[in-house]
Amino acid sequence: MALVLNEEQQMLRDSAKTFIQESSPVSALREQRDRGDEWSPELWAGMAEMGWTGIAIPEEFGGLEFGYVGAGLVIEECGRTLAASPLLSSSFVAASLIADLGSSEQKETLLPAIAGGEVIITLALGETGRFDPDTIATTAVAAGDKFVIDGSKSHVLDGGIANRFIVAARSKGDNNGLSLFLVDRDAKGVHIETSLNADNRLVANLRFESVSVSADALLGEVGLAQEAVQRALDIGAALSAAELLGVAQEAFERTLEYLKERKQFGVLVGSFQALQHRAAQLFCELELCKSVVLKALQAIDQDTADRSLLASMAKAKVAKTAKLSVNEAVQMFGGIGMTDEFDIGFFMKRSAAASQEYGDYYYHSDRFAHLNGY
Amino acid sequence: MANLEEFREQTRAWLEENCPASMREPINSDKDQCWGGRNWVFASEEQRLWLERMAEKGWTAPQWPAEYGGGGLAREEAKVLQQEVARIRARRPLESFGIDMLGPALLKFASEEQKQRFIPEIIRGEIRWCQGYSEPNAGSDLASLQTRADDKGDHYLVSGSKVWTSYADKSDWIFCLVRTDFDVSKHQGISFLLFDMESPGVSINPIKLISGNSPFCETVFENVKVPKENLVGELNKGWDIAKYLLTHEREMIGGFGLSRAGTESLGQTAIKAIGASNGRLAEGGIRSAISEFEIDELAFALTIERVVDEAKAGQGTGAASSLLKLYGTELNKIRNELLMSVGGSDALTWGSEEKAEQVQRWLRSKGNSIEGGSSEIQLNIIAKRILGLPS
């Protein structure tokens, strides 16, 4: 498959850019933060109206079925203006789990609701500070026609606003396989503690104390969720890379503009070779990032055998480059880059947070090595 | 795309039948690469046959026009051929500056007569070309070159010296930048000449490098007579040809950063050499470094693919050659550094031709980011031409 966008995808990107620049510029994030809000329900409604919330959901369940390359274009534009929304966690990652594992009834009720933006569902998987999807101690014990869930989850994305969680747990006697359960945020025994991150996004730490759910809360079969979780995490990693690509590119372009305006010693600072070479190097890295993101998302759309390898490649490469981009941005802006009044710091904070989501550089470069047999 | 699939089947069958078994083995030493030319001694009968058969079909230059002996393939077909060649891990039948550098420039700038004369022998590997660009006082600042060609009526008289002329001692002809006007700005008085290295007045001194090898030479011209019909393009317009050719050279050198068909991945090499612990490469630090490298290597290969696909779709950014040259050569240096680390003290063996190859490749790779426009020159080009940063 050619590594280019088709006409439909280019149109989607253009309309996404226009919408997000108008309805959620970086100044909107600043206003939200100053007001004490972490997200904007109005923006979310707008995204739903644009169809973004259903972009990766099959048409038969009320989505646009535009694929993950399309989802990537949208989230990349969100990255450029640092627009906060549960698109990634709910519309892309949680929706893929429901589409892969859900019963017809679960799909028919939940997917159209996600596609319409009416319901927000998020995956509650990790239990550690760093991303580590294999260390799951939360248990689900069968009791008659119910399951009882005990355990805790940390840094659940959009956990503060989600209506439901997809909780990953282990059950005895199932080869320690992973099971997924849909749990209402209001269910008895669910304790939610939200925490504000540096990027002004709210994550949640969850505690489940003898939470009893009925058998129809089970997503798929007991102990057999691993494969779908793997796919959902690949989707999360590749789309997180797409968002970070937007963050990194915007930070770079703003820096480039500054280098062409700012004068010191009587000349434009952009004429200094020390800065030119660093900017040129960063340009090259960003070009590589564009290739890896597109390739990884195409691999997800086509479900190729190297999907996981390419998702890890994409997240590792972009996370490393985004860090370089925001670090260079603040350094080249100089003192003004250190001020809160100036927007570039928002990019640094978002870059750091988005890098952790669905695994950072170290996690994914190690996984890349593992998948390559070393 | 039915035709393309048909082409793939035919190509696959043809390669199966015509590519000798030994030409599908990994390249282990320089002798495994065929450079052709008047004085070439084939390493084996299979090497000769493989070149002959591929040249016969024009597949040493798959996309060049069939009227000059090229393959005449469309871009899609050439990609299929490349994939099929890679599938059986076949070696390149001919390494050639004629194909990688001179040919594209001749196709664009040469007269019909010149094309008919020079291109078929490039495709068949009969004439080996070298490049007369750099001079002792014109390296990164190439356009300040001083080798002169004086108009003597029916011929030019060339005098001066070139340096870093790759394989000048093994080459038959040279494509050479000469100054034909000293009274105009430096870019405007340059012309592009072709001549036989056996011409009277040409002397060649190989330069011994840090690797112990002498792939580069200093080439001195003393009143070398060059027929006027050997001028390519217009007089004093040689810089345009030089720049065009440099973009091809950059892409070729940049390609050094890619894993070659028939070579195993660095991770595989390392796990064989170092061993595994719990299924992982035992040295954690080297493992991380190799992973970082292989991610970049794959990302770079995908970027080449994307650049080609975008150009085809008319979405190209255009200025990709500097990026490819810069990134490809830096990657090749990292690859060689890692191979030296993986090999440990064993990799340092000097003196024996077989064993010293890794250490020589490592030392040779240092030149990749100097030749063909240094990495710093590429960064300048990107900063100014692509990013529009001020002078």
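Me: In strand 3 of chain A, which residue is the bridge partner of V141(A)?

Reply: Good place to start! This is a predicted model, and in it V141(A) has V148(A) as its bridge partner in strand 3 of chain A.

Me: Which residues other than glycine have a positive phi here?

Reply: Two cases to look at are F265(A), with phi near 55°, and Y167(B), whose phi is also near 55°. F265(A) lies in the loop between strand 9 (263–264) and strand 10 (267–268) of chain A. Y167(B) is found in the loop between strand 3 and strand 4 (173–179) of chain B.

Me: Why does F265(A) count as exposed, and why does Y167(B) count as partly exposed?

Reply: You count neighbours. F265(A) counts as exposed because it has 8 C-beta neighbours inside 10 Å. Y167(B) has 19, so it counts as partly exposed.

Me: Which strands pair with strand 7 of chain B?

Reply: Let's take two pairings. Strand 3 (residues 155–166) of chain B runs antiparallel to strand 7 (residues 216–227) of chain B, with nine bridges joining them. Along this pairing, K162(B) stands opposite T219(B). Strand 6 (residues 202–207) of chain B is also antiparallel to strand 7 of chain B, and six bridges join these two. There, S203(B) has V220(B) as its bridge partner. When you look at strands like these, remember a general rule: in a regular strand the side chains alternate between the two faces of the sheet.

Me: What is in the loop between strand 6 and strand 7 of chain B?

Reply: G212(B) has its place there. G212(B) counts as partly exposed because it has 14 C-beta neighbours inside 10 Å.

Me: How do I read a helix, such as helix 9 of chain B?

Reply: Start with the general idea: an α-helix has 3.6 residues a turn, so residues three or four places apart point the same way. Now the case. Helix 9 (residues 320–343) of chain B has 24 residues and reaches 34 Å from its first C-alpha to its last, close to the 34 Å expected at 1.5 Å a residue. Helix 9 of chain B is mostly covered, with 18 of its 24 residues buried. After the helix comes G344(B), whose phi is positive, near 60°.

Me: Which residues have the most contacts inside the largest nonpolar core?

Reply: In soluble globular proteins, nonpolar side chains tend to be buried together. Here the largest nonpolar core has 157 residues, and F181(A), A238(A) and A296(A) have the most contacts inside it. Helix 7 (residues 226–259) of chain A gives the most to this core, 17 residues. Leaving aside residues up to four places away in sequence, F181(A) touches several others, including F147(A), I149(A), V167(A) and L218(A). A second, separate core has 62 residues, among them L51(B) and V163(B).

Me: Where do domain 1 and domain 2 of chain A touch?

Reply: Chain A is divided into domain 1 (7–119), domain 2 (122–219) and domain 3 (226–371). In the contact you ask about, 17 residues of domain 1 of chain A meet 16 residues of domain 2 of chain A. On the domain 1 side, helix 5 of chain A supplies the largest share, seven residues. That side divides into ten nonpolar, five polar and two charged residues.

Me: And how many residues of chain B are in contact with chain A?

Reply: 36 residues of chain B are in contact with 32 residues of chain A. Helix 8 of chain B gives the most to the chain B side, with 16 residues. By class, that side has 20 nonpolar, eight polar and eight charged residues.

Terms used:
Residues are numbered from 1 along each chain as its sequence is written. Chains are lettered from A and ligands numbered from 1 in the order in which they are written. This is a predicted model: local features need pLDDT of at least 70, side-chain atom pairs count only at pLDDT 80 or more; totals for chains, interfaces and linings use all residues. Domain bounds come from an automatic or database domain assignment. Two residues are in contact if their C-beta atoms, placed from the backbone, lie within 7 Å. Helices (H or I, at least four residues) and strands (E, at least two) are DSSP runs, numbered from the N terminus. Ala, Val, Leu, Ile, Met, Phe, Trp, Tyr, Cys and Pro count as nonpolar, Asp, Glu, Lys and Arg as charged, and the others, Gly among them, as polar. A nonpolar core is a set of buried Ala, Val, Leu, Ile, Met, Phe, Trp, Tyr and Cys residues joined through C-beta atoms within 7 Å. A residue is buried if 20 or more other C-beta atoms lie within 10 Å of its own, exposed if 12 or fewer, and partly exposed in between; C-beta atoms are placed from the backbone. Two strands pair if DSSP finds at least two bridges between them. The expected span of a helix is 1.5 Å times one less than its number of residues.
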